[in-house]
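My entries are below the display.

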Amino acid sequence: MKNYLGRDVRNIAVVGHAHSGKTTLIAALLQAAKMTATQGLVDDGSAVTAYDEEDVARRTTMANAAAFVEWNGVKINLLDTPGFHMFLHETRAAMLPVEAALVVVNAQTGAEAVTDRVWKYAAEGNLPRVLVVNQVDHPKADSRQGRQQMIEQMQERWGRQVVQVQLPIVDEKGFHGVVDLVTMKAFQYEPDGNGRGEEIKIPEAVQADAKAAHEALVELVAEGKDELMEEFFNSGTLVEEHLTAALHEAVREDNIFPVLYASGLRNVGTDRLLEFLKAYAPAATEREPVAARGRIQTTAGNGGGVNGVAAEGQDEIVMRAVDDKAPLALYVYKTMTDPFTGRVTFFKVISGKMTAGATVQNYTRSEPESLGHLYVMQGRKPMEVSELHAGDLGAAVKLRETLTGDTLGDKANELFIEPVSMPEPAMTYAIEPKTRGDEDKLAPALHKLMEEDPMLRFYRDPQTNDFLVSGAGQPHIEALVSKLKRRYHTNVILHEPKVPYRETVRAKAEAQGRHKKQSGGHGQFGDCKLRIEPQPRGTGVVFANEIFGGAIPRQYVPAVEKGVRESAARGYLAGYPVVDIKVTVFDGSYHDVDSSEMAFKIAARTGFRKCMELAKPSLLEPIMKIEIEAPDDFAGALMGDLTSRRGRVQGMESGGAGTMIRAEVPMSEILTYGTTLTAITQGRGSFRIEMDHYDLVPQLIAEKILAAAKQPVEDEAEE
Ligand SMILES: Nc1nc2c(ncn2[C@@H]2O[C@H](COP(=O)(O)OP(=O)(O)OP(=O)(O)O)[C@@H](O)[C@H]2O)c(=O)[nH]1
Ligand SMILES: [Mg+2]
């Protein structure tokens, strides 16, 4: 396989709403460039970027995948990303290693909630965006008027920089061609063919539209550029060369968001899309130098453009040019465990030139790592290359230590790229191995899966000792369970999602804890008086010592505190930790011979439990902040549903991507909200959820929870 210089590489994240056809479109692009002999399909699992067994089974992309196209001397790296709202953390992570986003819009619906969300992600990273209206073959998409409205809707959302650079040719034969508005050439395709068009004359029926659209494009491109404006006013158009250069710059600078048309499924327009990306998407070397944290070392001959001065060993912001001559730096954007290949590490060459067989330093882990053979990934298939240049995407296999988010490179020139942060998991389940054999396999298998998926968490509940897994939502955890079974032959039982309730008190109370035992010779004696009082939310447990005059000798006070804290952690009502309390020991007594730390600890536990009994013990529940986006029609139904879930709506905005509702809802009421939302909005809504604060559970509901929970823990004062 050929080696490409960074200037001949384009890195593109393919993003958009679920089912807009991203995975299918990538398969079509691969066929148009003859990377594959036939077109892969999502529906039969043959699409190159849909290889993960769960993605295939569910016919949706749940994790990023990489592919590439060699097209007229350039290599276009394509990252396929999820469009389902639950997996957008992946999509966001895919924006870090690329220089442009190809935003796929479903011609049947126009821009949707997730389209808007990914647009924001791209805007945050100043990523140029190229829009492709896809599925134009669909009968629902074939009206000229409908398409016109779609463009207007996108302009309303994202500004008048949204401009068509193509028009589709749709007639009684359906969608079978495009007009290139830069060159004013038309191309026609054999639907279900190989994606390569044949030049034709612009059909009569589109000529007037094409002329108007060409002028609109030229005018926008010329805007703000004096010489171009002059040329435009004098001749009514721009020389193609000028237009091309100015359009390339405008796309790179986010001044223009060009719109193209395609059908991935029928493979129409795809060669023109590739040609457009080649000509107008920024080259990998064409972006600003990468700003990263660097560490200055005296041995560093060439710091790669270090700013300012910092003492040796200190961190500094480094501007690293995407250049073969700069020191080597790699950023790991994905890790995959493949049944055939083993662990595959996907990286971007931030700077420098990477050659096969090199050993580099993993800066994040302070360990050397031998990369061995180098590859570029075509879906799950590694294709060997001998070198990779600054800006390119590549992969290595069987690395020992390296994980997603790590930066590696030249030992003398440390550099840290800030990894994309993962949101807090929205849902937690208890997971139980089915058999003894499964128990031994479970933890290692889960750890492997967590390497691939930084959103997954796995830990033991300190209260119950249960294994807990957290993820983005129910489908995420269900996919995890299938993967455990399919890949690691580990069977598990999933239990209802757990709500991490807490306990607290609503009143002040005092009580005495006394522990006295006379068993033969040496007895046990401890005695303390405790006061408990409520504290503001988020305080946790505060312990105070107000003993004066040695009622309890100083050396026993830590034992009292320990007893209190242990009891608080064990809970009083139903075994949930007691929080937001202050416990003060203010009096007590002791015995010269029989007192011991143990005796005081036991006395404190008794005292604590008696205090709890008197202080109006209450249950606290986690309250989540939720943001829901859906088309306006569903707003009423969504609000009604939120109210029935004890939700408090805090705001509602309409415009842009439909309606956005912000609310606070108890976690217990929205454990499976993804399913509800899909049902209410026919799959067109999206939501984001995060833990916000704890609040008291209303009395009636608390009673039910307590009845369902285990009996209060036994009084251990007499142990
Ligand atoms: N008519 C028509 N259907 C299409 C086209 N592209 C995709 N589809 C169908 O739409 C469905 C979704 O296609 P995918 O390629 O999986 O869409 P996606 O955007 O990758 O979806 P997610 O991965 O879930 O975000 C499949 O059933 C495709 O066959 C198209 O150009 N025309
Ligand atoms: Mg997909």
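The entries go from the whole chain to single residues.

**Ground rules**

I am reading a predicted model, in which local features need pLDDT of at least 70 and side-chain atom pairs count only at pLDDT 80 or more, while totals for chains, interfaces and linings use all residues. Residues are numbered from 1 along each chain as its sequence is written, and chains are lettered from A and ligands numbered from 1 in the order in which they are written.

**Entry 1: the chain**

I looked up the secondary structure: the chain has 16 helices and 37 strands. Helices (H or I, at least four residues) and strands (E, at least two) are DSSP runs, numbered from the N terminus. The C-alpha trace spans about 110 × 65 × 55 Å along its principal axes.

I then asked what percentage of the 719 residues is buried. The value is 47%. Buried means 20 or more other C-beta atoms within 10 Å of the residue's own, exposed means 12 or fewer, and partly exposed is in between, with C-beta atoms placed from the backbone.

Next came the contacts, where two residues count if their C-beta atoms, placed from the backbone, lie within 7 Å. Of the contacts between residues at least 6 apart in sequence, 72% join residues at least 24 apart.

**Entry 2: ligand 1**

Which residues come nearest to ligand 1? I found Gly 21, Thr 24, Thr 61, Gly 83 and Leu 265, out of 22 residues around the ligand. A residue is near a molecule if its C-beta atom, placed from the backbone, lies within 6 Å of it. Helix 1 (residues 22-32) gives the largest share of this shell, three residues.

I sorted the shell by class: five nonpolar, 14 polar and three charged residues. Ala, Val, Leu, Ile, Met, Phe, Trp, Tyr, Cys and Pro count as nonpolar, Asp, Glu, Lys and Arg as charged, and the others, Gly among them, as polar.

**Entry 3: helices 6 and 7**

I checked how helix 6 (residues 204-222) packs on helix 7 (residues 226-235): the angle is about 150° and the axes are 8 Å apart. That makes the two helices roughly antiparallel. Helix 6 contributes Val 218, Glu 219 and Ala 222, and helix 7 contributes Leu 228, Met 229 and Phe 232. By class this contact has five nonpolar, no polar and one charged residue.

My axes are lines fitted to C-alpha atoms, for helices over the stretch in contact, and angles run from 0 to 180 degrees between N-to-C directions. Angles under 35 degrees count as roughly parallel, over 145 as roughly antiparallel, 65 to 115 as roughly perpendicular and the rest as oblique.

**Entry 4: helices 10 and 11**

Helix 10 (residues 436-452) and helix 11 (residues 474-488) have axes that come within 11 Å and cross at roughly 110°. The pair is therefore roughly perpendicular. Lys 441, Ala 445 and Leu 449 of helix 10 meet Leu 480, Lys 483, Leu 484 and Tyr 488 of helix 11. I count five nonpolar, no polar and two charged residues in this contact.

**Entry 5: Gly 473**

Gly 473 sits in the loop between strand 27 (467-471) and helix 11. Is Gly 473 buried or exposed? It is buried, because 24 other C-beta atoms lie within 10 Å. Beyond its neighbours within four places in sequence, Gly 473 contacts Met 86, Ala 426, Met 427 and Gly 674. I also looked up Thr 672: it is 199 residues from Gly 473 in sequence, yet 7.3 Å away in space, C-alpha to C-alpha.

**Entry 6: Ile 12**

Ile 12 belongs to strand 1 (residues 9-16). I find Ile 12 buried, with 25 other C-beta atoms within 10 Å.

**Entry 7: two positive phi values**

Most residues other than glycine have a negative phi. Ser 366 has phi near 50°, a positive value. Ser 366 is in the loop between strand 17 (359-362) and strand 18 (367-370), and is exposed, with 9 other C-beta atoms within 10 Å.

Lys 398 has phi near 55°, also positive. Lys 398 is in the loop between strand 22 (393-397) and strand 23 (407-409). With 13 other C-beta atoms within 10 Å, Lys 398 is partly exposed.
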